[in-house]
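Hi,

Here is the structure I promised to pass on.

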Amino acid sequence: MKVWACRMNKIAICPGSFDPVTNGHVEIIRRAAAMFDRVIVLVASNAMKRYLFSAEERKSLLCRCTADIPNVEVDCDEGLTALYAKRVGAAVIVKGLRALSDFDFEFQQALTNRKLNMAVETVFLPASAENMYLSSSMVKQVGMLGGDVSCFVPPEALPDILARIRL
Ligand code: ADP
């Protein structure tokens, strides 16, 4: 996809579970990379949640899918995104916003992050029409029931996703 934007001289973080990475995630990362100097994709892990892929596996898939974007790096963290942002000096948290489903939760998160770190601003990028209804859980559901997920995930991640889903 061709992306045009003015680039801002700032570090941005794209946090998420990425379990697994989808075309929707990569689209948001690409658009953030066109806007900011340095983008850190942050693989978050919540001790209360069960994941299909370990944090290291999610990181490795993201690295593969973003290898062609020079100003993108991937990291893992189990703590609060707002505090991670403070540690690395990031000024912006970039989140993708899908239909209505994300709004309430993302708004709550943005306000909490701002309370925890006044120096960080959350920027929402609207999902594209193509990826508006795409989520990692949908990919897992479709894949586990034998459906074709190749149009939902980047080709670099497809073999690993299929291997894990079909275990
Ligand atoms: P999910 O598990 O629901 O796919 P993640 O926690 O991994 O979500 O998402 C990380 C970030 O990517 C969030 O800001 C989320 O809104 C965004 N995102 C996820 N899927 C999409 C999509 N299809 N289009 C745009 N943004 C998305």
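For what comes next, a polar contact is a pair of N or O atoms within 3.5 Å; within protein, one must be able to donate a hydrogen and the other to accept it, and residues adjacent in sequence count only if both atoms are side-chain atoms. Keep in mind that this is a predicted model: local features need pLDDT of at least 70, side-chain atom pairs count only at pLDDT 80 or more, and totals for chains, interfaces and linings use all residues. Residues are numbered from 1 along each chain as its sequence is written, and side-chain values use heavy atoms, with hydrogens and water left out.

On to the ligand. A polar side-chain atom of Arg98 is 3.1 Å from one of its nitrogen atoms. On the backbone side, a polar atom of Gly96 lies 2.5 Å from a ligand oxygen, and one of Ser17 lies 3.2 Å from a ligand oxygen. The protein buries 87% of the 540 Å² that the ligand exposes when taken alone (Shrake-Rupley, 1.4 Å probe).

The shell has 17 residues (a heavy atom within 4 Å of the ligand), with Phe18, Lys95, Gly96, Asn131 and Leu134 the closest. They split into 5 nonpolar, 8 polar and 4 charged, with Gly counted as polar. Helix α1 gives the largest share, 3 residues (helices are DSSP H or I runs of at least four residues).

Cheers

Terms used. Helices (H or I, at least four residues) and strands (E, at least two) are DSSP runs, numbered from the N terminus.
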